[in-house]
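Subject: the structure we talked about

Hi,

Here is the structure for you to look through. Have it open while you read, and my notes follow below.

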Amino acid sequence: LPDDLAELSSGKLIISMLAGVKLERLQRKFPNARNWVRFMPNTPSQVGAGITGVSFAQRPGKEDAMKVDRMLGAVGSSVQIDEAQMDALTAVSGSGVAYIFEWAAAMIEAAKTLGLSEQDASRLTLETFAGASALMKAQSDTHPDVLRDAVVSKGGTTEAALNVFEEKETRSIILEAMSAAAKRSETLSK
């Protein structure tokens, strides 16, 4: 980094969205900045529905906190976390969007196998995801297990499907996958 760039950053707020670049590295590169911030956005930010993880190197002043909130409000919402939690956040919301897309693609393919057209399978899947997401958000104080149980009837169709998920240990697979993502995030930042 040229000395003059480091000097130009004096007293400025340094913001980074570079994957794996830790705050400590930013502090070394821009030693005279007033604070350093690390963002981890996700792709729904493209349509104003993102969630961005934010870590400050030091507690932000009111003006810097408001500036970051305004900036991220344009692309969705944000959650401030300790940088030590950034790998976990990456596994949840950074990479998590792809898990949802994978699940949706699997549902569309299954629906087509069950006889629905591509168009109907896609629309039904999309609206199911959108509706379930809206319901979870509207009832954010209710655990998703409770919302799931409200759909299940003893001996019914949903129970039959959920029994397969349990038999295949779907939650264990998700934990394993997210742990792999978090571990990879940690490796990339070294």
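Let's begin with Val 54, which counts as buried because its relative accessibility is 3% (buried means under 20% relative accessible area, exposed over 50%, partly exposed in between, using a 1.4 Å probe and protein chains only). Before you go further, bear in mind that this is a predicted model, where local features need pLDDT of at least 70 and side-chain atom pairs count only at pLDDT 80 or more, while totals for chains, interfaces and linings use all residues. Residues are numbered from 1 along each chain as its sequence is written, and side-chain values use heavy atoms, with hydrogens and water left out.

Back to Val 54: you'll find this residue in strand β3, residues 50-56. (Helices, H or I with at least four residues, and strands, E with at least two, are DSSP runs numbered from the N terminus.) What does Val 54 touch, not counting residues up to four places away in sequence? The list is Val 37, Arg 38, Phe 39, Val 68, Leu 72, Ser 78, Val 79, Gln 80 and Ile 81, where contact means heavy atoms within 4.5 Å. Val 164, on the other hand, is 110 residues from Val 54 in sequence and 38 Å from it in space, C-alpha to C-alpha.

Now the sheet. It is open, with 4 strands in the order β1-β2-β3-β4 and mixed pairing; two strands pair if DSSP finds at least two bridges between them. The edge strands, each pairing on one side only, are β1 (13-16) and β4 (76-80). On average, neighbouring strands here are turned by 25 degrees against each other, direction ignored. Helix α3 (residues 62-73) packs on this sheet and touches β1, β2, β3 and β4, with its direction at about 140 degrees to that of β4. For such angles, axes are lines fitted to C-alpha atoms (for helices over the stretch in contact), and the values run from 0 to 180 degrees between N-to-C directions.

Strand β2 (residues 35-40) runs parallel to β1, and 4 bridges join the two. Is β2 mostly covered or mostly open? Mostly covered: 6 of its 6 residues are buried. In a regular strand, side chains alternate between the two faces of the sheet. In β2, Asn 35, Val 37 and Phe 39 are buried on one side, and Trp 36, Arg 38 and Met 40 are buried on the other.

Two loop residues deserve a look as well. Ser 9 sits between α1 (3-8) and β1, and it counts as buried because its relative accessibility is 5%. Leaving aside neighbours within four places in sequence, Ser 9 is in contact with Ile 14, Phe 30, Asn 32 and Ala 33. Glu 169 lies in the loop between α8 (157-167) and α9 (170-188). Most residues other than glycine have a negative phi. Glu 169 is not a glycine, yet its phi is positive, at about 55 degrees.
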